[in-house]
Structure formats: C-alpha cells, structure tokens
Amino acid sequence: MYGRDPWGGPLEIHATDSATDDDRSRNLNDLDRAALSRPLDETQQSWLLGPTEQKKKKYVDLGCIIVSRKIFVWTVGTIVAAALLAGFITLIVKTVPRNHHKNPPPDNYTLALHKALKFFNAQKSGKLPRHNNVSWRGNSGLQDGKGDASFYKDLVGGYYDAGDTIKFNFPMAYAMTMLSWSVIEYSHKYEAAGELVHVKELIKWGTDYFLKTFNSTADSINDMVAQVGSGNTDEGSTVPNDHYCWMRPEDMDYKRPVTTCNGACSDLAAEMAAALASASIVFKDNREYSKKLVHGAKTAYQFGRTRRGRYSAGTAEAAKFYNSSMYWDEFIWGGAWMYYATGNVSYLDLITKPTMAKHAGAFWGGPFYGVFSWDNKLAGVQLLLTRLRLFLSPGYPYEEILSTFHNQTNIVMCSYLPYFNKFNRTRGGLIQLNHGDPQPLQYAANAAFLATLYSDYLDAADTPGWNCGPNFYSTNVLREFARTQVDYILGKNPRNMSYLVGFGQKYPKRVHHRGASIPKNKVKYNCKGGWKWRDSKKPNPNTIEGAMVAGPDKRDGFRDVRMNYNYTEPTLAGNAGLVAALVALSGEEDASRTIDKNTIFSAVPPLFPTPPPPPAPWRP
C-alpha cells in the first residue's frame with residue numbers, strides 16, 4: 001500500500017506488523033535520507049524547529065506606524081529615563097530647604113501715600129459710602145443747595161476745604177486737577193501701591209459734585225456756584241456760620257448760603273474746566289462718564305472766556321480766604337487740559353498765543369515766579385506744555401511759544417536748587433517759596449512734584465539733564481531736591497516732627513479741625529457748645545490720618561496749638577500737592593516705574609497730515 005509522502009518521496013505503508021524492528025529502523029533511515037535529499041522551504045523548517053527557533057523581528061508594528069525595533073527601544077528608554085530624572089529633581093526641590101524671597105517692604109513715600117489719600121475721605125461732604133474708612137465721620141451737608149429754586153438742583157457732595165466746613169470750589173477744583181494729573185502720569189505706581197481704585201474714587205467724588213455746580217448738560221451757561229457755606233466773622237459778627245461755630249459736620253444746623261458767580265468768573269470757570277477735562281482722561285475707559293465730563297468742561301471753559309474777570313473781585317467773601325490774583329494763568333492751564341482731553345487744536349492755538357503768555361506773566365519774573373499753587377498755575381502749565389514739546393514736537397506754528405515755556409521751565413527748576421539764591425531755606429533745609437509767610441509746606445510739596453515730574457520727562461526723552469546758565473545738572477539733582485523737601489515734611493527736620501498726621505512716631509496731635517477735635521459720643525454740641533473742644537489743650541480725640549498741616553515757620557519752629565491755623569490746619573490743596581509728590585517719588589527702586597508717556601495724548605490726533613500713498617508701480 002502506498003501513500004503520498006509529505007516530504008516528496010513514495011511511502012510504503014505496511015498493513016501488518018510482521019516486519020521486524022530492524023526492518024523498521026532500516027526503512028526510517030531510508031526515509032530520512034530521502035527527505036534530506038531536497039531543500040526545505042521556510043514553512044517546513046518552522047515545523048521542524050518549532051517556535052524557539054524563530055528569527056528576531058527587526059521592526060515593531062505600532063498599529064498606525066511601523067518603526068525600527070532599535071529606535072523604539074531607544075525612544076522608550078529615553079522617555080523613562082527623563083521621567084525618572086524629572087521625578088528625582090522634583091523630589092530634591094521639594095525636600096531641600098530654601099530661603100523664600102519676599103517682596104521688599106514699601107518705601108516711606110508709599111507708606112505716606114496711603115495716609116495722605118485717607119485725608120480726602122475725612123473731608124467728604126454728603127452721604128458717605130460704606131467703605132469711607134474714617135470711623136468718626138458720617139453723613140453731613142445733606143441739605144446743601146436744596147430748595148433754592150436756582151439753576152442747580154442740589155449741592156450735596158464734594159469736599160470741605162480745611163478745618164472748617166466750607167466748600168470753596170476754586171481750590172477744590174485745583175485739588176482734583178492735581179490728583180488727576182498724578183494719576184495720568186503715575187497710574188502704574190498707584191496700582192503697585194494698591195491705591196488706584198481709591199484715588200479714582202476720590203476724584204469722581206469731586207467731579208460728581210462739580211457737575212452739580214452749573215448746568216453741565218447745556219452748551220452755554222450764565223451762572224456757576226463758587227462756594228457753599230460762609231465764614232465771615234467781620235466786625236464781631238455772631239451770626240452762626242462755618243467759622244463762628246465749632247461743630248461736627250454731622251451736627252450742622254445753621255443756614256449754609258450758596259455763593260454764585262454770574263459776572264466775572266474766568267478763573268473759577270477755567271479751573272473747573274481743568275478739573276473736569278483732566279478727570280475725563282482718568283476715566284477714559286468709562287466712555288459715557290468721560291464724555292459727560294468733557295461736555296461739562298467745554299461749557300465751563302466757554303463761560304470763563306465770555307465772562308472776563310476774577311471770581312473773587314469786589315466784595316466776594318472768597319477774597320478773604322482764596323483770593324485769585326489773576327485769571328490768565330487759569331486760561332492757559334484750563335486750555336491745556338481741554339486740548340489734551342479733546343484733541344481740538346483750537347485750544348492749542350489759543351493758549352500758545354504770545355499775548356496769552358504775556359498776560360499770564362510768563363516773562364515777568366519777580367519774587368513769586370516759579371511758585372506753583374492753587375492761585376498761580378503758570379509753573380505747572382509751562383511744564384505741562386513742555387511735555388507736549390518733548391514727546392510730540394508739534395513744530396510750527398507752536399514751536400516758538402512752546403520753546404519759551406520749555407526754557408522758562410528750565411529756569412524755574414534752576415531756581416529750586418540750593419546753588420542759586422532765588423529762594424531762601426530754613427536751617428533744616430525747607431525751601432521758602434512763600435518767602436517766610438505762614439503755611440509753607442503746600443508750596444514745597446508742589447515744587448517737589450514738579451521737579452520729580454520734570455526729571456521723569458527728561459529721562460523718558462533720553463535727556464540726561466538741563467542747563468542752568470553755563471552749568472549742566474543731571475536729572476538726579478532734581479530728584480534729590482524733591483526728596484529733601486518731602487523728607488522734611490515726613491520728619492527729617494530739626495524738630496524730628498512729621499507734619500503728616502499719623503505718619504511716624506511724632507506728629508501734630510491738636511490739628512485745627514472741627515470733626516477731629518470733637519468726640520463722636522452721641523452728644524450733639526451746638527454752635528458754641530463745641531468751643532470747649534476748640535479751646536482744649538488736650539490732643540484731638542480723633543486722629544485725622546494723612547492730613548498735612550500748614551507747617552513750621554521760617555525758623556523751623558512749630559507750635560502744636562489747635563487755635564493757630566497757620567501751624568496746624570490742613571487743606572485740600574496742600575494735601576493734593578503732597579499726594580502728587582509722594583506718588584512721583586514712590587517705588588524708585590523699580591527702574592521700570594516711570595511716567596506714562598501716551599495716555600495723556602490719547603485724544604490728540606496726529607499734528608501732521610497723513611502722507612499721500614505711494615504712486616502705483618510703473619508698467620510699460
């Protein structure tokens with residue numbers, strides 16, 4: 001019987017078992033030789049060798065791609081090794097002790113800035129917000145201007161001027177303009193100090209009130225409020241008012257008259273325009289509110305231009321307290337802010353007329369030339385327009401007068417330096433910008449702000465300094481002047497007295513201030529009932545934090561006496577200048593904290609016409 005041999009040869013199958021073992025062995029040997037006589041294919045070899053004899057594959061099938069086994073092994077090994085190394089490093093970092101680098105503590109100027117801003121909270125009139133943070137103050141003046149049947153609906157809000165409870169709109173507007181200017185230039189410093197929201201809220205508290213003092217929605221007006229309250233005590237008058245009475249603002253029960261300006265009102269109206277216009281730049285991200293402020297500023301400025309004259313002229317009560325010496329400086333000051341707020345070149349055309357500068361005293365000189373204050377804004381506006389020349393350089397036809405303002409700014413800065421004899425100094429180093437008259441600190445603070453700001457302008461313009469005659473001075477000299485004046489205010493003086501209440505270990509305790517001197521004890525002291533607190537020699541029961549008092553005399557002497565306002569009374573205008581100086585000097589260790597060059601120009605269009613497009617390419 002034959003069958004097919006799977007190895008290729010004939011295979012005889014015996015049906016019986018009769019063959020011997022030798023025969024079977026011989027037959028198998030014959031079969032082996034027959035099978036080996038032909039080469040085996042791969043399949044046949046696998047049958048014989050079994051799975052242990054398979055070849056090692058050179059590639060790995062990953063499903064979506066086939067890669068070399070060697071590369072695959074190296075890749076996986078590298079990933080595993082990297083993961084182990086990363087885990088080891090993380091373990092070391094977490095277990096090894098290390099020193100934590102904390103942010104440096106705030107400098108003295110930043111600490112003082114927190115205090116100085118708080119003074120404005122203590123001066124608020126009207127219904128106070130919950131977050132006012134002055135525990136001894138409450139709602140007051142809620143009937144101001146109501147029921148008068150005039151062009152205003154009410155005059156609730158705003159700020160009390162000083163230690164009394166009168167709202168003088170002229171210095172109040174100046175104070176708000178100064179706060180706005182400092183925010184426009186140094187908003188990043190306010191933000192770093194955590195005070196940006198706070199200072200903007202303070203500005204808005206003032207501008208909300210200003211919009212009530214005239215018909216701010218109209219295009220033209222005939223009246224404007226100049227003052228709320230009265231302080232006239234001439235000829236021994238005993239009529240209850242804000243100076244005769246010594247009462248907490250919350251307890252006022254006497255009549256508070258409203259003084260309006262409907263004739264000559266140039267200085268007040270232009271200052272009001274400056275306050276609203278500068279604030280519109282601060283609130284430019286709030287488009288509706290900014291637009292409202294700009295419209296009010298336009299109306300106020302136009303009113304001032306058409307009703308020429310000083311608001312305090314004649315028999316006005318303001319002449320006794322905040323007499324304006326002229327209005328031409330306010331025209332330039334207000335016009336500059338109007339130009340920055342609107343971009344309307346007609347304002348720039350107006351304020352750069354040589355006759356305007358001449359009337360404002362830009363070429364006069366004199367003992368008070370360079371003294372920046374609530375009354376005279378010339379030094380401030382010359383610097384404000386020098387900024388325009390440094391960074392935008394508008395050229396003709398503005399270059400001549402802008403160059404003059406720039407040169408005059410250089411002269412003013414020279415006059416602040418101790419190398420020149422324009423202003424005397426006390427032995428302790430305080431510059432006597434008001435020539436020995438009382439209340440010198442507000443003028444020194446303003447000068448410190450201007451000097452620091454001009455230094456920052458020059459640094460931003462890559463200008464290392466300026467010339468005073470044949471001598472060149474670096475910007476560091478200006479900053480050093482500013483630091484010496486502010487340091488004097490903060491306690492580096494012969495008396496080691498900080499003139500900023502609540503700052504340092506030694507500061508005035510008997511501040512001339514009605515609200516601070518009368519305890520909040522649920523007792524209402526009437527007009528004369530508060531006199532016992534006025535005349536007391538004890539320290540004030542309430543600390544009016546952040547109030548910069550009037551300051552020492554020309555010999556560095558100071559009397560902490562409540563009744564002597566020339567030493568111990570703070571003012572809105574004075575504190576606004578100090579706030580501006582403090583924020584300008586704060587954070588000096590961070591070189592990146594300089595001025596904001598562009599925000600003030602956000603509404604200013606290009607001063608040169610757009611160049612025409614290039615001609616089309618030539619085609620043959």
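This is a predicted model: local features need pLDDT of at least 70, side-chain atom pairs count only at pLDDT 80 or more; totals for chains, interfaces and linings use all residues.
Visitor: Which residues does UniProt list for "active site"?

Guide: The unreviewed UniProt entry lists His512, Asp560 and Glu569 under that heading. They span 58 residues in sequence, yet no two of their C-alpha atoms are more than 10.2 Å apart, so they gather at one spot. From this set, Glu569 is part of the lining of the largest cavity.

Visitor: Is glutamate 569 buried or exposed?

Guide: Burial is judged by relative accessible area, and buried means under 20%. Glutamate 569 has 15%, so it is buried. Look for it in the loop between H19 and helix H20 (572–585). Among the residues it touches are Ala162, Asp164, Met548 and another member of the annotated set, His512. Its side chain also reaches the backbone nitrogen of glycine 163 at 3.0 Å.

Visitor: And where is the place of aspartate 560?

Guide: Aspartate 560 sits in the loop between helix H18 (531–535) and helix H19 (565–568). Its contacts beyond four places away in sequence are Pro508, Lys509, Arg510 and Thr568. With lysine 509, the side chain of aspartate 560 reaches the backbone nitrogen at 2.8 Å.

Visitor: Now the sheet: what is the order of its three strands?

Guide: The order is E5-E6-E7, in an open sheet with antiparallel pairing. Strand E5 (167–168) and strand E7 (258–261) are the edges, each pairing on one side only. Two bridges join E5 to strand E6 (residues 224–228).

Conventions. Residues are numbered from 1 along each chain as its sequence is written. Side-chain values use heavy atoms; hydrogens and water are left out. Two strands pair if DSSP finds at least two bridges between them. Helices (H or I, at least four residues) and strands (E, at least two) are DSSP runs, numbered from the N terminus. UniProt positions are given in the numbering used here, feature names are shortened, and annotations may be inferred rather than shown by experiment. On a 1 Å grid over the protein atoms alone, a cavity is a set of points where a 1.4 Å probe fits but cannot get out, and a pocket is an open set with protein on both sides within 12 Å along at least five of seven lines; lining residues have an atom within 4 Å of a point. Contact means heavy atoms within 4.5 Å. A polar contact is a pair of N or O atoms within 3.5 Å; within protein, one must be able to donate a hydrogen and the other to accept it, and residues adjacent in sequence count only if both atoms are side-chain atoms. Buried means under 20% relative accessible area, exposed over 50%, partly exposed in between (1.4 Å probe, protein chains only).
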